[in-house]
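Student: I would like to go through this structure with you. Could we begin with the packing and then turn to the charged residues?
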Amino acid sequence: LSPNARAQMDKKITTELEAGRPMFVVCPTIVDSEVIDASSVEKVYKSISKKDFKSFRVGLLHGKLKTPDKEAIMAKFVAHDLDILVSTTVIEVGVDVPNASVMLIESAERFGLAQIHQLRGRVGRGEHQSYCYLMPTNSQTPLNRLRLLETTQNGFELAELDLKLRGPGAIYGVSQHG
């Protein structure tokens, strides 16, 4: 979705949250950067908890937290003591919250297709319809590679397509991001 459609998306998300279905919000960075134009968990957490979804219980999770703190936050989310979890990709694997029905990936162009596929697998594990929203950093036309996620469900195919489109990257340099 375009950032211009955020208000309509927020209404749909609110309906899910009011029905008791938790939501993941994933951001590519922990803090804002002057170099990278991308949503950070700290900024999104403040916006969601103070403005956008202030009537819901919001948690913050990222890799710089100490392990006991990360475990405590995840336990609260699993126990439904939190409605929304704003996180980096630390939730990509091994998280099972069957009732979670919404995934919002901020600055989606910063992630690889296989990684987004892994992330969207965190929702839709229960009986309810699930939704994965990809929100680019700006309102320009979404990258064609993100559109592939609408039609491809196979993670191996997505990884191969991403490799073909973005190349293998480089250990040194900036030829690949996401």
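Tutor: Contact here means heavy atoms within 4.5 Å. Please also keep in mind that this is a predicted model.

Student: Which residues does Ile91 touch, not counting residues up to four places away in sequence?
Tutor: Ile91 touches Phe24, Val26, Leu61, Met74, Leu85, Met103, Leu119 and Arg122.

Student: How many residues has the largest nonpolar core, and which have the most contacts inside it?
Tutor: That core has 24 residues, and those with the most contacts inside it are Phe24, Leu85, Ile91, Met103 and Ile105.

Student: Which elements each supply at least two residues of this core?
Tutor: They are β1, α3, β4, α4 (113–120) and α5.

Student: Changing topic, how many salt bridges does the structure hold?
Tutor: The structure holds five salt bridges. One of them joins the side chains of Glu106 and Arg6, at 2.9 Å from N to O. This pair links distant parts of the chain, with Glu106 in strand β4 (residues 102–106) and Arg6 in helix α1 (residues 6–18), 100 residues apart.

Student: Is Glu106 buried or exposed?
Tutor: Glu106 is buried, because its relative accessible area is 5% and buried means under 20%. Arg6, with a relative accessible area of 24%, is partly exposed.

Student: And which residue does Asp83 meet in a salt bridge?
Tutor: Asp83 meets Arg57, side chain to side chain, at 2.9 Å from N to O. These two also link distant parts of the chain, 26 residues apart: Asp83 is in the loop between α3 (67–78) and β3 (84–87), and Arg57 is in the loop between α2 and β2 (58–61). Asp83 counts as buried at 8% relative accessibility, whereas Arg57 counts as partly exposed at 38%.

Student: Where do Glu150 and Arg147 lie?
Tutor: Both lie in helix α5 (residues 144–151), three residues apart, which is about one turn of the helix. Glu150 forms a salt bridge with Arg147, and the closest N and O atoms are 3.3 Å apart. Glu150 is exposed because its relative accessible area is 56%, over the 50% limit. Arg147 is partly exposed, with a relative accessible area of 43%.

Student: Back to helix α1, where Asp10 has its place. What is the nearest side chain of opposite charge to Asp10, and how far away is it?
Tutor: It is Arg6, 4.9 Å away. Asp10 is buried yet has no salt bridge, because a salt bridge needs the side-chain nitrogen within 4 Å of a carboxyl oxygen. Leaving aside neighbours within four places in sequence, Asp10 is in contact with Asp52 and Phe53.

Student: What does the side chain of Thr29 reach?
Tutor: The side chain of Thr29 reaches the backbone oxygen of Ser39 at 3.3 Å. Beyond its neighbours within four places in sequence, Thr29 is in contact with Ala38, Ser39, Ser40, Val41 and Thr88.

Student: What separates the C-alpha atoms of Thr29 and Lys54?
Tutor: A distance of 22 Å separates them, and the two residues are 25 residues apart along the chain.

Terms used. Residues numbered from 1 in each chain as written. Predicted model: local features only at pLDDT ≥ 70, side-chain atom pairs only at ≥ 80, totals over all residues. Heavy atoms only, no water. Polar contact = N/O pair within 3.5 Å; in protein donor to acceptor, adjacent residues only side chain to side chain. Helix = DSSP H or I, 4+ residues; strand = E, 2+ residues; numbered from the N terminus. Buried < 20%, exposed > 50% of the residue type's maximum accessible area, 1.4 Å probe, protein only. Lys, Arg positive; Asp, Glu negative; His and termini not counted. Core = buried A, V, L, I, M, F, W, Y, C linked by side-chain atoms within 4.5 Å.
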